[in-house]
Amino acid sequence: MTGSTAVTFTADDYRARMERAARAAAESGLAGLLVAPGPDLVWLTGYTPPAVTERLTLLVLTAGQDPVLVVPALEAPDAHRAAGAAALTLRDWTDGKDPYAATAALLDSSGRFGISDNAWALHLLALQQALPGSSYASLTEALPMLRAVKDAAELDLMAAAGAAADATFEEIRNVPFAGRRESEVAADLDRLLRGHGHEQVDFTIVASGPNGANPHHEAGERVIARGDMIVLDFGGLRDGYGSDTSRTVHVGEPTDEERRVHDIVREAQEAGFRAVRPGAACQDVDRAARRVIADAGYGEYFIHRTGHGIGVTTHEPPYMIEGEERPLVPGMCFSVEPGIYLPGRFGVRIEDIVTVTEDGGRRLNTTTRELVIVE
């Protein structure tokens, strides 16, 4: 079992992120960014409020001005202890005071602001009332690539999370499958991920037999039997950064058709990976993987995008999907996970997290992509 990765971010790291975010907002024509509790706030400041409540907590970022974190007075001591606190001005407010008036004083009354996707409607509506001339856009709409490009320290954390997921797979392939419920194997995956350093487990998909044809099957009470193909998809956060990997295993010897479908998906996953290079469009990865499956006659059974970004959340921009022409940039991290799903029969998915390098791509998952036989 493995512990924490020795990577810590300093106030200077958070200052640079906030400056970059404010600059990107200005370049996009925004008057600033308003960041509520959630992954964006953690990434920008290192601060996680002790509890998400109806009390307003909001980071205000405006180009050319010092960042300001508006916090409830009773939570100010925790905010002062955050790793990025030294790069901020903290402005607290007490119960009985109007936090929206205090926040409005920091903002251009007629500006358009990017705001966290997960900001409460309660807070957004109150700000609009305080600043009737203002307008807002979600951060995913306004700055979808804000967190997409990882620096060297972040890539180290992503690699460690991937290695922990790989270690989990190497152990799970040796546990008994036949005669056990999907939920029992899912519990094993949760335990192993945590044992390998994950503080948060986001999903443990164990989709056996016909359940494998549902890409997001929730592990249930179906008893796994010999002859089952099983899609395993699992991941979460380790030291604040995400893992996500899928492998398909088989209980006992597979049929020729099962091997053939698995080989097609493996070839598609390899084609998607080989399409990764700086300057290529996100959709090029999807097209490369999808072409292999379509040419093999299974195109209608590949029913989801080829990949999604990953970082401080396990699903975030960019997305590897037709129509996404955004270019790949070194430091981006995303999944490459084609699949074939045959209703009522079985499914196959193979997934690695990949990061863009200066001349191609690098897999952050390295376990075998061959069909693994389990008992």
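Reading ring pairs, helix packing and backbone features

User: How many aromatic pairs are there by the ring-centre rule?

Analyst: The count comes to 4 aromatic pairs. Rings of Phe, Tyr and Trp (its six-membered ring) pair if their centres lie within 6.5 Å; planes under 30 degrees apart are stacked, over 60 edge-to-face, and the rest tilted. This is a predicted model, in which local features need pLDDT of at least 70 and side-chain atom pairs count only at pLDDT 80 or more, while totals for chains, interfaces and linings use all residues. Residues are numbered from 1 along each chain as its sequence is written, and side-chain values use heavy atoms, with hydrogens and water left out.

User: What is the geometry of the pair Phe9 and Tyr14?

Analyst: A pair of aromatic rings is described by the distance of the centres and the angle of the planes. For Phe9 and Tyr14 the centres are 6.3 Å apart and the planes are at 70°, so the pair is edge-to-face. Ring pairs also link Phe9, Tyr14 and Tyr241 into a cluster.

User: Are Phe9 and Tyr14 buried or exposed?

Analyst: Buried means under 20% relative accessible area, exposed over 50%, and partly exposed in between (1.4 Å probe, protein chains only). Both Phe9 and Tyr14 are buried.

User: At what angle do helix H9 and helix H10 pack?

Analyst: Axes are lines fitted to C-alpha atoms, for helices over the stretch in contact, and angles run from 0 to 180 degrees between N-to-C directions. Helices (H or I, at least four residues) and strands (E, at least two) are DSSP runs, numbered from the N terminus. H9 (residues 256-274) and H10 (residues 282-295) pack at about 155°, with axes 7 Å apart. Angles under 35 degrees count as roughly parallel, over 145 as roughly antiparallel, 65 to 115 as roughly perpendicular and the rest as oblique. H9 and H10 are therefore roughly antiparallel to each other.

User: Which residues of H9 and H10 meet?

Analyst: Contact means heavy atoms within 4.5 Å. Ile264, Glu267, Ala268, Ala271 and Gly272 in H9 meet Val285, Ala288, Ala289, Val292 and Ile293 in H10.

User: Where does Asp239 lie, and what is its phi?

Analyst: Asp239 is in the loop between strand E8 (229-238) and strand E9 (241-242). Its phi is positive, about 50°, although Asp239 is not a glycine. Asp239 is partly exposed, with a relative accessible area of 25%.

User: Which peptide bond is cis?

Analyst: The bond from Pro317 to Pro318 is cis, with omega near 5°. Pro318 lies in strand E12 (residues 316-320).
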